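Please open the model in your viewer and keep the selection panel handy.

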Amino acid sequence: MTDILTPAALPPETASRSLFQLAALRFRRNRAAMASCIMLVLIALFSFVGPYFISHSYDQVFPSYVSIPPSLEPRPDASSLQDVMESVASRARVELKEFAVEGQIFTATVTSDKPVDPRTTRYFDRANEFDGTQVVATEDDGRTLKLTGSVSREYFLFGTDSNGRDLMARVMLGGQISIAVGLLASLVSLSIGVLYGATSGYIGGRVDNVMMRFVEILYSLPFVFLVVVLVVFFGRSFILIFLVIGAVEWLDMARIVRGQTLTLKRREFVSAAQALGLTDWQIIRRHIIPNTIGPVVVFVTVVVPKVILLESFLSFLGLGVQAPLTSWGALIAEGANNIQSSPWLLIFPTIFFVLTLFSLNFAGDGLRDALDPKDR
Amino acid sequence: MISFVLRRLASAVPTLFIVVTISFFLMRFAPGGPFNLERPLPPQTMANLMRTYHLDQPLWSQYLTYIGNAVTGDFGPSYIYKDNTVFELIGKGLPYSLQLGGYALLLALVGGVLAGTIAALRQNSAFDFLIMSVSTVGVTVPNFVVGPVLTLIFAISLAWLPAGSWGDGSLRFLILPMIALALPQLAVFARLTRGSMIEAMHTDHIRTARAYGLPSRVVVVTHAMRAAMLPVVSYLAPAAAALLTGSAVIETIFTIPGVGRYFVLGAINRDYTLVMGTVVLIAIFVIVFNLLVDILYGLLDPRVRHD
């Protein structure tokens, strides 16, 4: 007897899969969606971790490198150093006799009619190209100085903007702000929309009528313009921008959650909760809201790109975050103004912006397909 | 049907009223005013200005006055564009925005539906993939990028079309702003059409029509299209309202004297009456187009009854 029973008592070879596991499996099979997720992670890493790996900060101004095109070569290139040194020397009111560069070290001999003050070296350090200038020898009663110092080489892979700031550092900062605004504003709209929709749907009746009528009225408010008014009138702080955008993007969310709630509240577990004597608020919080999460998550992937786009619109109108802070939208608007003279100012931020929105769209589509129980 | 339209129009009145009320108080509770310039005005001048425009009265009385005047079609004088009433300003700008927006709407609708239908009929083909990629780009690239890029290519490099301005109002001047304005909406229309068309082609009545041996053109155009147009039609209302009331971005880039700029200019200058006028204008457009779409819905889908 025992011989026969033993195999039957063994657990089945394949474990059963939960709905969530199935959805995750479907999502992982969707190549476009997976690629989008990887892309999003890469862009987020670039924006948030990238600044620790580059030597320039977003507000560091390089007066010597205004509007230079992107290049893999370090700046300055050897040929231009002579010119730069001459212009520095003339600014320091000394004459340049000799100038040579070897590797990272430069040596220069300068003369003047009067004894040269050793403090002239400051003029050399002030140029972005030279650093740590020192006097090595003084000749002719101080009328000739031999100087040495290091050439500071800077990489501007994305070029610089019209103020001489490194565009790569600016794109990273812009990414941080755009992504943060996108996520925070979506969070605000999510909180308002879910609470409003769940309350309206669960309580139902006259309250539901009034609450949904209010949403309908808000739909006919020109919302994009309301955002403009609010931001103009109340100032342009970062916090306000995402609060305002979030506060106007919750209408669709409220409708979706209300629809979900209407079906959920007829389910047995809600009746059970009611029978146990839970208050309405407890039921909404513990039973209704957690069950609406699927469609809500999908909808968030629609809201985030919408919010980022709205923020860029505000930035284009000059109502975004204030300089020296920036966002992708602000960078793109700036680039669009200089499209002929310095196209890279438009190209780089646009690439990141479009890639992010593209990926969010595909990830959202993938998520919707994965969670949609219809095509199993 | 007529009673439905009348009822909808009647319910639009309280909606408009609430929209006006919300906008009015939101604006007034914000700090600053239309005459707080960088260089402060002398107190006497300020007081006179405030009295002229009734800004010195209590807020509720200003509100009542505004509502009273607005009902008779008087939206007050603009504070910034002196000697112009808001009504005149909007009246001047609206024809430009309407014409440009009308062309853009036509382009977006026809182009989007056409592209979406073809993509749906050749699902998963290279053309389908191309359409969907282009439409995703259309949704994701902001129109303040599309505008300058189009200008650079077609107006400056190729010198085929003028770079901006209304000119003599001929189509040459409108092509670039029209494309920049229509592109995002065209993309949405294409996506909507493709989705609903694919669904429609799998329904029973299409299978029946095919079984009858109808030519596929007839099947697609008269049978599938009608069912597939419902989501497209419902998106028509917000799209039309957005396009016809002008776009601040496009009108700025292409220097078009439309009505879209007024909202932003009005907001930045705290020109209360101008902002209110624009809010009312847009709200009316949204309400009217929603009504039109509901009527259209009933015509397309006999199951929708308006009674």
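Here is a short tour, one selection at a time.

This is a predicted model, in which local features need pLDDT of at least 70, side-chain atom pairs count only at pLDDT 80 or more, and totals for chains, interfaces and linings use all residues. Residues are numbered from 1 along each chain as its sequence is written, while chains are lettered from A and ligands numbered from 1 in the order in which they are written.

Start with chain A. Colour by secondary structure to find 15 helices and four strands (DSSP runs: helices are H or I with at least four residues, strands E with at least two, numbered from the N terminus). Of its 376 residues, 39% count as buried, meaning that 20 or more other C-beta atoms, placed from the backbone, lie within 10 Å of a residue's own.

Next, select the contact between the chains (C-beta atoms, placed from the backbone, within 7 Å). Chain A brings 27 residues and chain B 30 residues. On the chain A side, α8 (223-234), α13 (293-316), α14 (328-337) and α15 (344-371) each supply at least two residues.

Now show the largest nonpolar core, with 153 residues; such a core joins buried Ala, Val, Leu, Ile, Met, Phe, Trp, Tyr and Cys residues through C-beta atoms within 7 Å. Val227(A), Val228(A), Val231(A), Ile245(A), Phe189(B) and Val275(B) touch the most other members. Helix α7 (residues 171-201) of chain B gives the largest share, 17 residues.

Zoom in on Val275(B): leaving aside neighbours within four places in sequence, its contacts are Val229(A), Met27(B), Phe263(B), Gly266(B) and Ala267(B).

Finally, select Ala89(A), Ala92(A), Val116(A) and Val151(A), which are among the members of a second, separate core of 14 residues.

How values were computed. Two residues are in contact if their C-beta atoms, placed from the backbone, lie within 7 Å. A residue is buried if 20 or more other C-beta atoms lie within 10 Å of its own, exposed if 12 or fewer, and partly exposed in between; C-beta atoms are placed from the backbone.
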